[in-house]
Amino acid sequence: MASHTTKATARLRMTQQHLTGSSCKFTTSATSANLSKSAANINIKDVSSVSRGSKYTTEYKNYAVDGQNQVISWFHDVPLNLDIEAAEANIVVEIPRWSNAKFEIDTKSPGNPIVQDVKKGAVRFVKNLFPHHGYIHNYGALPQTWEDPTHKDEALDLYGDNDPVDVCEIGSAILTTGSVKRVKILGSIALIDDGELDWKVIVIDVNDPLAENVNDIHHLYTRCPGLLETTRQWFRDYKLADGKPQNKFAYNGQYRNKKETLQLIQDCNKSWYKLITGQTKGQKLPSIENATLVGTPGYNGGYRTQQLLVGKDETDAPIPVDIQRNHFIPTD
């Protein structure tokens, strides 16, 4: 029994080294040398998605699978691989630009699939705020990050929203739900959503033609005039079409620069680390079940892929007509 405990402790220390990083540039992986074999073998080029059910219904689920077609968690198992020197990280794409369905990583269901958000039994859509159609950017999340709802940001007097950190990818391509992209981090803006802190990180696909010409948030004012102003206005106003008040921002709606945003991501990665290692406890927190982080309390040795992937990918359900119409809101 003592030998088993010693081995388990050693595995946990190995995973902690992986999660917290070291003095090298990769703050979350500390290179793959500290990973268990299964986690080290996860390359984002091998990660793909498998859908089950009809899109635009409550039954729809989009799972991440690895190179062996085994389910892994979009939230916990897809590596963040934050590179401070290059200001790069991996993102999980949830919502393609110019689409309406509010897809998000389900942080509590087994496998953490991407699902459509549900309120009062109905799937949710973002309405068209003229002249935009749905979301104005590709939208997604930074895996292995978490905005902690048990921790108050003392400077802002706000708690986190209990989700991975959101990203807006501003490149020219329309990305697909359930894809993983390597992106350059440019800056961020702090939305206050229903009284909770909800950061939006501005990123661009490293392979986008614009990426080599923008290295910080202020570059977008000259390279992409109007993009940051329009993005802020959209996040402020998009709920007006549903009869709700405007959203508010921390820091008076001012964008944070690359350096500040990299620190934010590191802080939210540390919050995720405390969650995944069982240090943060509370009610209504995300599931910490995972398939790759050996030694953590939620490590399951691999999801039951066949059970999770029962059924098949169905034809998309129709989008309600009301979602397709334009809503006209006065602009600044």
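Visitor: Which residues is Asp 117 in contact with, leaving aside its neighbours within four places in sequence?
Guide: Lys 102, Glu 104, Ala 122, Val 123 and Arg 124. Contact means heavy atoms within 4.5 Å. This is a predicted model: local features need pLDDT of at least 70, side-chain atom pairs count only at pLDDT 80 or more, and totals for chains, interfaces and linings use all residues. Residues are numbered from 1 along each chain as its sequence is written, and side-chain values use heavy atoms, with hydrogens and water left out.

Visitor: Where does Asp 117 lie?
Guide: In the loop between β6 (114-116) and β7 (118-119). Strands are DSSP runs of E, at least two residues; helices are runs of H or I, at least four; both are numbered from the N terminus.

Visitor: Why does Asp 117 count as buried?
Guide: Because its relative accessibility is 14%. Buried means under 20% relative accessible area, exposed over 50%, partly exposed in between (1.4 Å probe, protein chains only).

Visitor: What does the side chain of Asp 117 make a polar contact with?
Guide: The side chain of Arg 124, at 2.7 Å. A polar contact is a pair of N or O atoms within 3.5 Å; within protein, one must be able to donate a hydrogen and the other to accept it, and residues adjacent in sequence count only if both atoms are side-chain atoms.

Visitor: New topic. Where is Ser 99?
Guide: In the loop between β4 (88-95) and β5 (103-105). A polar atom of the Ser 99 side chain lies 2.6 Å from the backbone oxygen of Pro 96.

Visitor: And α5, which residues are buried there?
Guide: Among them are Leu 262, Cys 268 and Trp 272. Just after α5, Gly 278 takes a positive phi of about 80 degrees.
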